[in-house]
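Try each task yourself before you read its solution.

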Amino acid sequence: MTTDAQRDAPGAAEETPQPRGRVRYPRTWQVTKIVTTSMLTLFVISLLAFFATNLKSPEDVARAALGRETAEPALVAYAEERGLYDPFPIRYAVWLGDFVTGDMGTSLTTQRPVADDVLPRLRNTLILAIASLVIALPVSIGLGVFMARRAGSRTDMSLLVGTVILASLPEFIIGVALILVFGVWLGWLPVDSTGLQFGNAMAKVGAFILPVMTLVLAMLPHISRISRASATEALGAPYVAAAQLRGLGSMRVTWDHAMRNAAPPLVNAVALNVVYLLGGVIVVEQLFALPGIGQLYIASIGAGDYPAVLSITMILGIMFIGVSVVADILVTVFNPRLRAG
Amino acid sequence: MSGQSDPLVVKDLTVAYRRRGGVDNVVVAGVDMALRRGEIMGLAGESGCGKSTTALAAIGYRAPGVRILTGTSALDGTDLLGLSARQLRGFWGNRLSYVAQNATTALNPAIRIGEQIAQPLRLHLGLKGDTLRARQVELLGQVHIPAPESALRRYPHQFSGGQQQRIAIAIAIACGPEVLILDEPTTGLDVTTQSRISALLRELVTKTGVATLYVSHDLALLSTVADRLAVMYAGEIVEQGPVEHFLAGPSHPYTRALLDSVPSARERRAVSGIPGRPPLRVVLDACAFAPRCDLVVEACTQSSIELVAQADGSAVRCLRANERSQRSVRTLEQVSTTEGGALLDVRAISARYPGATAQVLSDVTFTVASGETLGVVGESGSGKSTLLRCIAGLHPPISGEVAFDGQMLAAKAVRRPREIRGRMQIVFQNPDTSLNPRQSVAQLVGRPLRLFRDDVSRGDEERVVLELLDQVQLPGDILHRYPSELSGGQKQRVNLARAFAAKPRVLLCDEVTSALDVSVQATVIEVIAAIAAETGTSVVFVSHDLAVVRTIAHRAVVMKDGRIVEQGPTEQLFRSPEQPYTQELLAAIPDFHRGTRAS
Amino acid sequence: MSSSPPAVKETFAAKPPSVARAVLRSPEGLTGVILGAILLVIIVFGPMFAPYPPDQIGAGLPLQLPSSEHLMGTDQLGRDVFSRWLNGGRSVILAPLASVAIALVLGGFFGLLAAYKGGAIDEVVTRIFDVFIILPPLVLVLVLIAGFGSTTPVLIITVALVFAPRMGRVIRGAAQGVVTSDYVASAQARGERTGAILFREILPNIAAPTIADTALRITYAIIFIATLNFLGLGLQPPASDWGLMVAEYRGFIAVQPWATIWPAVGIAALSVSFNLVADSISGHITKTGSHKS
């Protein structure tokens, strides 16, 4: 064989680094793209929401505000004053301008500015959502990795069936079960969230325990199954065996070598699920009579209070899209192919 | 055979896979071997023979489900198989290193290569700061990575496949190991890259004296790179000895049959496959090769056969070692290119992938005569497969045309007349994805009969399918089986039966043997050559393997970067290539019969 | 004959196991099928065996615990909970089935179209799927219900709109793997018509993932629609629906827990049964998919 070392010299044909895969964009470009996409999504939500809450004729809206008995001319005057006869795009633009500047309109039921009803409740909703996420994410991902490291064992199989069953339960049923066990039979925790308004500090914290537990249990099976799947895949990759064969310890191999690669798809999948599951705050607030914007949302839909519905839809939309934006940006941080500029 | 001072001495190694139900499936039995300082030991065998399992077990690595039943593997007197996982970690990457087949997957894609090299250095040698950095740079230099300083900051995907394997080797030798294990380190790489990596390994072994085990399915490659060879069959070493012993003519019937199935790029020679399939586990009370051996006598199946030392320093596990069988491999006479006009006429084809701007094919022109076999060779990315898809009407070219029997063809298969579609059949590379898993063999092979063969009535279909299966040397009882129940070689022969069912005049073969073991590849080549000769079918045979092309083709076309570099009668092309690229390709091919070795 | 049959027994299985057989063979799938069958019997034939009319007020004293007369006790209006329970399952299963059927047709059509046509059509369809998928589902459904009213058809269609792009994406993904496979290329080279390729080559090979996804979506639709009923945005009292019953009786949970427990168990068992079946099919796909020798 012609094996002179010159063959191996840097200039040899095989050794020219080839450009691989897609063109790599700088990080800032990625972030701009993510933010633009999410703004577009919000725009779609706002259009849909505005459309859905403006289907009624101007007179019907006026009648809902002024009362059933109001005469026709008064209705028309009311509608005209509020620009209800304007074309759809103009009304949308006016509303959007108001919303962005903090004016959410007037509630049809309480006759107060929607913002006054919504903002105090927003705090409770945020506490509920953030506390649930902060507990659910590490616990579920930890459980998923725990299962992946024992993939195929009896423990793993039982836990998998357990997650299938838990994932089949609606939040309100998980919540009812928790109320029965901890509220009715054991009597440890309050069955609803009235303590939040009338109790002391301890009662206020206590009022959140069952709602947070409900949401955590609702998210747990989904997120731990995704984590298990990504971790199993990464742990089976040849580079993991290669790292073990270099003498690295098993924790180091799992977290540094395997999970670093499992992270980007995991973050993406988890974000989609979190957006799906955060819908649960609405259900949980309703179940525990917890005064948050979810509870107000359901009440407003029932009462046909369109300004309130529209505003709360937008706030929830912003919350949920915010989660995806954070996740998407995390992905670019984790993925070296997007990192190398 | 093994001195006490050898760095790694493996004795009586027996390994099993644990199956559900608790029964162990023994896959490696009673392996003895010793790795010597400054030597490369080659471990050869077909897929599933237990060679990789042996290599991993020898360094104490237990993949999930693997159990080491007996044996010792001593590194300087310490039995690795008796160590705890924690103790083993102190050896791995330090005194014992392992390089896996595919560096693209064995390097962590999310970690910069500098860090990947640094990890064992920090862990085992406690290097840090400037010393660490100097060693990192030195290592990359040793494996000839250009600009090592800046390379440290890059990620694996920013290197070519060959470079990635070099980096993996750099990590393996980082701590100056006494033993290096390489598992198919160049499989999947282009032949020119492969030869450079072999040369690098020889250089490192000479320089550092590391005792090396080189595992490969490629006997020819091993004969050029190794000092000693061991051949495995069904979990046992059937023959081992100095490489000269093998070059002089191996003793075990399996080794000889294996060599007969390896096509040669140096001479035009027919290949013959080994009938049957290897057993999937160790056969304990008989010769495992007996059912496929043409020298078999009754004693072969009565008891297990011992590995017996021979006069020339080799050892053979056969009762009839050194007896030669009747089967001989013919040297094919040069077939003169068929006279008569072109059957297939490819004129100035250019093509690109959808959405891409770069061309995969530029101005490719050639003809295929009736009854002729044309080989198309090139390395990966040369456009040879796309060319075949253009001819088959699966990839419309951007310019150029294909004529069949003087008739211009539409770019898309659907728009071509039925007779033409029947007359031109294509067989793909991967037997696992080219058969619909939901159809039985009878349905698969019967479909072209219904579409193209008006002479076959519905009642006759089954009979014709059986005839076709017989032609491709498949038993009739697979008629109602599904692809998942067939081996790779069987699936590829079903593909051939389906292609021949349409009575084609041109058969397009896209790397049809590259996913198969050599002995199976030989059978497939035999089948294609025999049927093509018998029916006068023309064949366009695309392959990256020059030896295969030399074996089967009358004429050959060499492609590079979407262009034809050189074409001509196979013999002429291989004996006196005119273009530098063809010469380079030919020089890079390892050949068993050459016996020259890099050192 | 150059090829002796393989020596291992498993490889002689007559046919790639069908989805149905795979489900019945796994303990998980079998449990799901049995559980689902029992519930379907209750839902279909249960109303015939109800001891009282479901909305008969004062069938017994209010808020009685279970007794031989009232197997699940009575509610705050003295209605027989058992009779209401037997009647309350129908709406829990019918609306989700209708939603998923609509979503399967819509998603299947666009998913297959995108996979088979590729190029610009694929690009556009996938983009539209992506936009819909990123919208928070419950918010989307609630705002549509707010606008169009909380009638059953609105419920079914809005939930179908949530699932259609998700199912479409799964079907497109499965079909794309098949469309780009060599056996489809081989069929194209034979000049097979689009219909033949679709029905002979593509559909049989995407059946398993599609069925698994459909079963999973039924689980989610049951959860979704039961939740809407629980929130009071679906059926209205005095209808007997398990979700609505949980909402109505939740306030009396300390006094008469069984009125809440039984409908909750009904919903849970129904959605668990579909999810177990879905999971056993996914398990079967992973097993056969990764076993490519």
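**Exercise 1.** Work out the handedness of the crossing of α13(A) and α14(A), and find which residues make the contact.

*Solution.* Keep in mind that this is a predicted model.
- Step 1: Locate α13, residues 293-303 of chain A, and α14, residues 306-334 of chain A. Their axes come within 9 Å and cross at roughly 145°.
- Step 2: The crossing of α13(A) and α14(A) is left-handed.
- Step 3: On the α13(A) side, the contact is made by Ile293(A), Leu296(A), Tyr297(A), Ser300(A) and Ile301(A). From α14(A) come Ala308(A), Val309(A), Ile312(A) and Ile315(A).

**Exercise 2.** Decide how well covered helix α10 of chain C is.

*Solution.* 
- Step 1: Find residues 242-249 of chain C, which form α10(C).
- Step 2: A residue counts as buried if 20 or more other C-beta atoms lie within 10 Å of its own.
- Step 3: Eight of the eight residues are buried, so by this cut-off the helix is mostly covered. Among them are Trp242(C), Glu248(C) and Tyr249(C).

**Exercise 3.** Trace the order of the six strands in the open sheet of chain B.

*Solution.* 
- Step 1: Read across the strands: β18-β19-β20-β15-β21-β22, with mixed pairing.
- Step 2: Look at one pair: β19(B) and β20(B) run parallel over five bridges, and Val506(B) stands opposite Ser538(B) in β20(B).

Notes
Residues numbered from 1 in each chain as written. Chains lettered and ligands numbered in written order. Predicted model: local features only at pLDDT ≥ 70, side-chain atom pairs only at ≥ 80, totals over all residues. Axes fitted to C-alpha atoms, helices over the stretch in contact; angles between N-to-C directions. Helix = DSSP H or I, 4+ residues; strand = E, 2+ residues; numbered from the N terminus. Left-handed = near helix turned anticlockwise from the far one by under 90°. Contact = placed C-beta atoms within 7 Å. Buried ≥ 20, exposed ≤ 12 C-beta atoms within 10 Å, placed from the backbone. Pairing = 2+ DSSP bridges.
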